[in-house]
Amino acid sequence: MSSLRLLHSQRGNRTSYRGFYFCLLPFALCLLTCFSEMAAPINPQSAEPAEPEYLTPVEIKFASDGKKLYVVCEGNESVLALDTQTRQVVAKAKVGHKPRGLAVSPDGKTLYVSNEWSDTVSEVDVATFSVKRTLKTGWGPVGLVTDRTGKTLYVANSIADSVSLIDLASGTEIKRFTTHRYPEQVLLSRDGRCVYAANLLPHLGPYDQPPVSELLVLDTNKQVVAERILIPGAIELRHIAEAPLQGGYLIVPLVRPKNLGPLIQVNQGWTMTHGMAVVRPAPNTSVGEAGSKVTQVLLDDIDYYFAGNDGVAFTPDGRRALVTSSDADTVSILDTAHLAQRLRQYPGEELANRLDSAATFVVKRLPTGHNPTSVAITPDSRWAYISNRLDDSVTIIDLAQSKVAATIDLGGPKEITLMRRGEQMFHAAKYCYQGQFACATCHPNSHLDGLAWNLETPQLGRDRVANRTLRGIRETAPYKWNGHNPDLATQCGPRIAKFLFRSEGFNTAELEALLTYMNNIPLPANRHLAPDGQLTEAQERGKTIFYRQYTNSGQVIPAENRCDTCHPAETHYTARISTDVTSKTEYDTNGMFDIPQLDRVYEDAPYLHNGEALTLEEIWTVFNNKDTHGITSDMSKEQLNDLIEFLKTL
Amino acid sequence: MLSTSRPSRFELLMTKSMRAWHLILFIALGVSLAPWTFAAGAHTPQSVQQQYLCNQNKYLRNSRGDMRGGQAVALPELVIVLAPEVRGGPLPRRFPKGSGLVRLEPHAHSPHSLTPGFFTAADPQTSFDGARILFAGQNAADSAWQIWEMNVDGTSVRQVTHCADDCLKPAYLPRGEIVFTAASQGPHDSQLWVCKADGSNSHPITFGPGDFQVETVLQNGAIIASARSPLVPSRGLPADRHLYTLRPDGSGLATLRCDHQHPALRSQAQELADGAVIFVKAPLGSRNQGGDLTWIRRGALHNSPLMAAPVLTSSPKPINAGELLVARESTTSARAVKKLTLYAFDTANGTFGAPVYEDPKLSSVEAIPVAAHEAPRWYWSTLNPELHRGYFVCMDTHLADSFPHQRIAAKITRVRVLTLDSTRQTETSLGEAPVEEDGSFYIAVPPDQPVRFEVLDAAGRVIRAQRSWIWSRSGEEHGCVGCHEDRSVAPENRWPLALRRFDTPTLLLGSQQKAAGSKH
């Protein structure tokens, strides 16, 4: 009897005792009340005082004259104007939900702020610092930039895997380019001919092969895709910066994971390296024309890692570039001449794994506040400003002296709550041996990295498991694909310290804070579901299939093989047990896997325990030949499509 | 000597009135301490040890203030070792009779002996809370060196270890443990041992010949040890000493950096605040307990000298960002035996400052600040004593730093594993395992037993032989990137073929395997 059947039979037996349990209920409640204060364990799920409204500055850009710094604040859903002389916030405008990106119009009169969870862009008039218009975008807009004329806005839609072209005169989308997964940052080339879009997640591909990421190049004149620049072995492409010389090169911070090797490698370092792609145009061309050359170079040092490379900017004179390491609370100042020298020294692919490169071109590492995400440099190359996302502050770097000159408090709440501290823990790589990675490194945006990992198992090389999202996981215990961790405290306590971080890990107070944060990571709004919750016809048909009890030929589907048995709606579409859907491969030591929740499942690809199914459809068309993952062999193509349409609404 | 030396930057901070007060205090303290000093000398046989307290020591520290950003910063109290002589060679012979720990307090004008009852004492370490001192000492001429602990004022001295042979060079580990160097009369020379703060649960964490010695504990929790390399002295020369890292449970032994092209004795390693590792590099066969100050800057693959001109230095110790205390050959001594004096050293400029402390007769070495400091990270051990085997997984045996393009061109098909018979001290083979097309192999070996590898081609020829011993502890999965890999190159991201096989790990368990059969 499968474990699922066993569970159901036990449930059946329990029902006969229901009346008896009801009698005991008042007594049990009384006992619970009496003992709750005496024996209350650390339970971050229940400790939820109202959170103060932190600012959470995530993106910054200068006005063209450098007199004002615009700061997008994800936490209080605003954009600020900071006077760089007085270092005071002089204006504030409320924008949409979870603002992430910022663009300044070529004439400097308008700001565009992307609202990731509103699927809109707020158009802010700089003179009045008020929202003039709200423009509709694709799902999850993050990076955005106007063309040189200021007539067209390019917006990276992270959830829709696309880039929207918005005609700013009419305020409507006129074209949409399909990208690979999670395009987040965009940049207009200095000559205005190209827009680049960097993808956070790699291509969906074979789970036993290294990841490949992509930098999309759009031709702004023809408004077509000019090139798809592949960046092998890398994930999490972040901000993009272009060297200020004509025909200059690009720098794109990234992560180079070693997910295919055994994770014991953390002991020696190297499991997660952090660097940047240097994208150089072919001779007599610009980046984006055919033949761009990609060289990856690491920003880590031997035995010291700088996790979470995120923000990047060149000084206007081109002599320096700055890269923030958002999970190491550090900014690295690069000497571009020495970088060029290093690139000449190692023209091949070897540089991508060399840990002695940074020492040749990083002239200084400086501490920042928590989670430095974005960097902007004054037009005179004198100062760099860095947004410290989890500190509500901006660090100012004196570039002449390569030192921290000041830290500007943006005026957020002074109290640091458990949840806020927990988010800082989530982004702190210092808990890992040699600072190789933080929770956020494998879970960018508290989501997933799209990779399958060789975690610790009874034997190396076995039991590869796909990374899973951390969004909305509060009520989805147990955790881990084998279901062995009954709660998050087990998942993130000694286990993670011992087998992942290979270091001390979090102490009790830090763990409490981390769990408070993790228990409160929100689910994004469902883009496939109408705001009023009304299902489309296809979704309704899919819902019927999801809850069906009979096959197309009228055969009864056993309870254990119905969708809603393992994925019940009342518990986030997971029965919270392990079951066997015969997804086990020859490399798995066990065929029983934790049933995943289905909330926002359309964002969670790849699927199945090892990430073999690249799409929802593949779960059944490729990996369910024996009808062990629900009865699907009788379904028509249309029925399967409908089922998937319904699943996307969950 | 004090009057002839150039005024230090610290001295310059002193006002004349401060000097006058200090003079008065100095005389008063000298008078008050004199009876105590002689009384202490009356019940200890180490009269030489007491003698230094009566010397006119040059304790310059009381007058110092360090200008940083226009603000005077007092340096911490110090504990140092005063010794008639500091010798090179075996650890137990470094400090002769009369060597001992003294405390230099900011406002006392003479050193305060902390180990008056000892025949000799050395190797002080301050506890993380700054309240206690761990050190090595000999009770009497014929007793073994042991590890001791006392309060920073010299009270509550207690013996931590009870070693049959000499135990020295201790260091504090987080969560109440201690690592120390246990000398042995056996063939394996000295080894690293770990015990609880009360001396209980004492156990070795190194298992190969190599004369392992504790150097320091890094902030990331790894221990730096020095050890002989290669194992057997070649051409009649003494072997190199290299720096290694390992975890406090004895797992993960790896070279800190490879520097085989430059034979030398490397020891006295310390970690600087920025992650650089500083150490003393002496020529092979040196009879001095010192050498050139050398460092591996953070991110650097190779070490480099810290000083423009070689000066005999010893026992560097970081005290502030960019500043060390270093014992160096005294510029004023004309003696045949080198006398060492404590100096400040600026790492940014590679220059010595003024002397910090100078004794006219004794060497002043091994200075440590008496101050609370951050404990290193603690490790969760992944060892499993019940497993009775350790594992090695190598990603690609073709990777080797000394070959052109860091790659062995010949095709490697097998790996032979040699071990050292613990009783006969002879090498025996544990067997061979296949090396996959991608250069990977995965084997299980007896735990806590020295092993080394030879990689072979299809004809059975040895392509490369490891020259030093390593081990895997029970349950340890020891990962290697290559065959003497380059620390500066991270491995490619791929699934090693050896881990795709269903008949790996290849069991090479020797006599244990014969006893247990060939089950996985």
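**Chain B: strands, a loop residue and an interface**

In β25(B), B:V326 has B:Y343 as its bridge partner. This is a predicted model, in which local features need pLDDT of at least 70, side-chain atom pairs count only at pLDDT 80 or more, and totals for chains, interfaces and linings use all residues. Residues are numbered from 1 along each chain as its sequence is written, while chains are lettered from A and ligands numbered from 1 in the order in which they are written.

Strand β25 of chain B covers residues 340-346. Strands here are DSSP runs of E, at least two residues long, numbered from the N terminus. β25(B) pairs with β24(B) in the antiparallel sense, over seven bridges. Pairing requires at least two DSSP bridges between two strands.

β24(B) spans residues 323-329, and six of its seven residues are buried. Buried means that 20 or more other C-beta atoms, placed from the backbone, lie within 10 Å of the residue's own. Strand β23 (residues 313-320) of chain B also runs antiparallel to β24(B), joined by five bridges. B:S314 stands opposite B:A327 of β24(B). Two residues separate the strands in this hairpin, where B:G322 takes a positive phi near 80°.

Now turn to a loop. B:R389 sits between β27 (363-370) and β28 (390-394) of chain B. B:R389 counts as buried because it has 22 C-beta neighbours inside 10 Å. B:V445 is 56 residues away in sequence, yet the C-alpha atoms of B:R389 and B:V445 are 5.6 Å apart.

Finally, the interface. Here 31 residues of chain B are in contact with 33 residues of chain A; contact means C-beta atoms, placed from the backbone, within 7 Å.

Methods
Contact = placed C-beta atoms within 7 Å. Buried ≥ 20, exposed ≤ 12 C-beta atoms within 10 Å, placed from the backbone. Helix = DSSP H or I, 4+ residues; strand = E, 2+ residues; numbered from the N terminus.
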